[in-house]
Structures are given as C-alpha cells and as structure tokens.
Amino acid sequence: MNVTATTGDQADSLRQLATSVNKKRKASAARALEGQSLKGIRVISVTSGKGGVGKSNVVVNLALALAGKGKKVLVIDADLGLGNIDVLLGLTPDYTLNDVFAGRKRLEEIIIEGPGGIRIIPAGSGLPDFTSLGLQERVKIMDELDALEEDFDILIVDTGAGISENVAYFNTASQEIVVVVTPEPTSITDVYALIKLLATRHSERYFKVLVNMARDTDDALQVFAKLSNVTSRFLDISLDYLGCVLRDDAILEAVKSQKPVIELLPDSPAAGCFATLARRILENGGEHRLKGNVQFFFRRFLSADAEMENV
C-alpha cells in the first residue's frame, strides 16, 4: 500500500471540501443580500444526548405525519452499527448503509419503502465497521445523496445518541437540528452536553427542542425552560421550542406492534402531537441558513454561486 499516495489523496479531498465550503458561503451570502431563498430538499437531523428518549420513534412518526401532508419524505438511519428504524417498522432490509460504504451497493439501491409512502435508508445493526466515518465515507454519502435531491422534499436524519463523531457529523451536515429531550434530569443534562459540543466545536448556533414523554404541555414547557436557562447562561445560541409528545400508552402498544402510532392509533393523544409537530415544521418553512461546514446537498449552493458570477 502506498501510504504517501493515500495521504495525498485525502489531503486533496479535504482541500476540495474546503473549496466547496467557501463557494457555498459566497453563494448563500449573495442570495441573502438579494432577499432570495434557496429551494430544494430540506434536511432535518433529529438527535439526542442519551439513548432511551424515544428519538427513533419520533423520527418514524414525524416522517409519516409529514408524508400525510403531501411531502415526499426520506429517512436515513444514521445510527450506524445500532440502527433500529427498520425494527420499529417491522421491516427486513436486504442491504444497509454498510453495503454502500463497502462499495457493494449504491445508495439508491438500498432504499426501502415504509408505511405511508415514506422511504428509508437503513443502517446496519451489530456491525462496528462504520461506527466512526472517515473522510472517504463522508464524501461518498454526500455524493450519493446529491443524486436523490430531486426525488424528495424532506430528508430526516436519525442520528445516534450521545456525542460521537458520527453524531456531530450528521448534525452539522443538516440544515436544521432538532434535539429530543425528556423530563428526566439526566436527559436534560446530556442534551445540554450535546448542544454545548455542537456549539463550541462546530459553531452550531440554532437548535429546536422537542420534549418527548411529557405529562402535559406545562411539563414540556418547564423542561424547555430549564434547558433554555442553562444554555442562555453559558452558550451563545438560539434555542426554539418546537413542541412536545405526550406520554401515552398508545406509543408502547404501537412499538410492540412494530407500527407507527400515527398509523395504528391515529386518534390517540400521541398521534395528535405528531400531527401538530408536522404542521409546525411545514409552517416554519425550510431554513437554508449559512453554516460553516459542508452540508448535504451543497451542490445547489455551488450552482447559485455560478449564477451570481454570470450576472
């Protein structure tokens, strides 16, 4: 193996990514000055500071609620090595992201259909090979996703839990970050640690908070207030309240049945919460905010840059 050649290739790839970032910044700034917005697929990461907060269940039901409102939704299970979106839906994929990273399959070849017309990119489970993505895998997934941009309206990224490199990568590569937190004190502490990491090391400044397993709306608002108070004291960020999902036995029944609660028990309080969340997300619109890193679907930023240069 030629170590020097490999190192040189990685350095070239890093330079190319850095060049893309600079072009993207220029394009976004120009568009902002003109008062125009970039249209295209909307990328939302759903993340959490710890496991056991119902993050993947939120992703599945939110995706279905958005699809019910006429949106073409793609879900990527980015909990590499511990993926469970397929399990929640009772699906058995033949191939996963591991096959894409290993070069055995293209991304479009592993997409499976879920309930309500949503599409899913499954992750492997119990396979440690790609639990920490290298530069080559990151470039590959960006290139593969770019080819799918025109097929979908919204991409929801279900990240792993915690503060691993993969979690940071998928959050910073998304346009919008939704953090899932529960009323448990440990959940609040852990999600603060995640926000702090993304803010201080990756310059993320905008976060939406979804409170899961809340007793009622007052309980959810109290959780948000606690998190907001601590972040406002120590971090220079914007924290917005997206909403809540109430603690509901219907969710447990749906999980046992391997079906989304919004499909199995559409009249349940939890299903109503997901419908409300989907409506709020669509009302807020896409946020093509300038970020200091390479994002998924960044080619449209490069296209905008070319347009500006031709003016």
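Which helices and strand each supply at least two residues of the lining of the second largest pocket?

## Second largest pocket

In this predicted model, the elements in question are helix H2 (55-68), strand E7 (206-214) and helix H10 (249-257). H10 gives the most to this lining, with 4 residues. The volume of the second largest pocket is about 230 Å³.

The residues that line the second largest pocket are Gly54, Asn57, Val58, Asn212, Met213, Leu246, Arg247, Asp248, Asp249, Ile251, Leu252 and Val255. Sorted by class, this lining holds 6 nonpolar, 3 polar and 3 charged residues.

## Largest cavity

Rolling a probe the size of a water molecule over the atoms shows where empty space is left. Searching the whole structure for cavities of 30 Å³ or more gives 1. The volume of the largest cavity is about 30 Å³.

Its lining consists of Asn57, Val60, Asn61, Leu88, Ala254, Val255, Lys259 and Pro260. The classes here are 5 nonpolar, 2 polar and 1 charged. Asn57 and Val255 are named in the lining of the largest cavity and also in that of the second largest pocket.

## Sheet layout

How many strands form the open sheet, and in what order? There are 8 strands, in the order E3-E4-E2-E5-E1-E6-E7-E8, and the pairing is mixed. Strand E3 (112-113) and E8 are the edge strands, each pairing on one side only.

E7 and strand E8 (residues 238-246) run parallel and are joined by 8 bridges, with Val209 having Tyr241 in E8 as its bridge partner. Helix H9 (residues 217-234) makes a right-handed β-α-β unit with E7 and E8.

## Strand E6

Is strand E6 mostly covered or exposed? Strand E6 (residues 176-181) is mostly covered, with 6 of its 6 residues buried.

In a regular strand the side chains alternate between the two faces of the sheet. In E6, both faces are covered. Glu176, Val178 and Val180 are buried on one side, and Ile177, Val179 and Val181 are buried on the other.

A pair of aromatic rings is described by the distance of the centres and the angle of the planes. The whole structure contains 2 aromatic pairs. One of them joins Phe224 and Tyr241: the pair is tilted, at 5.4 Å centre to centre and 55° between the planes. Why does this pair tie together parts that are 17 residues apart in sequence? The reason is that Phe224 lies in helix H9 and Tyr241 in strand E8.

The accessibility of the two partners is as follows. Phe224 is buried, because its relative accessible area of 14% is under the 20% cut-off. Tyr241 is partly exposed, because its value of 27% lies between the 20% and 50% cut-offs. Tyr241 is also the bridge partner of Val209, and it belongs to E8, one of the edge strands.

Where is Gly40 found? Gly40 is in the loop between helix H1 (3-34) and E1. The relative accessible area of Gly40 is 39%, so this residue is partly exposed.

Gly40 and Phe152 are 112 residues apart in sequence. In space, the C-alpha to C-alpha distance between Gly40 and Phe152 is 8.8 Å.

Key
Residues are numbered from 1 along each chain as its sequence is written. This is a predicted model: local features need pLDDT of at least 70, side-chain atom pairs count only at pLDDT 80 or more; totals for chains, interfaces and linings use all residues. Side-chain values use heavy atoms; hydrogens and water are left out. On a 1 Å grid over the protein atoms alone, a cavity is a set of points where a 1.4 Å probe fits but cannot get out, and a pocket is an open set with protein on both sides within 12 Å along at least five of seven lines; lining residues have an atom within 4 Å of a point. Grid points are joined across faces, edges and corners, and a volume is the space filled by probe spheres set on the points. Ala, Val, Leu, Ile, Met, Phe, Trp, Tyr, Cys and Pro count as nonpolar, Asp, Glu, Lys and Arg as charged, and the others, Gly among them, as polar. Two strands pair if DSSP finds at least two bridges between them. A crossover is right-handed if, with the strands pointing away from the viewer, the path from the first strand over the helix to the second runs clockwise. Rings of Phe, Tyr and Trp (its six-membered ring) pair if their centres lie within 6.5 Å; planes under 30 degrees apart count as stacked, over 60 as edge-to-face and the rest as tilted. Buried means under 20% relative accessible area, exposed over 50%, partly exposed in between (1.4 Å probe, protein chains only).
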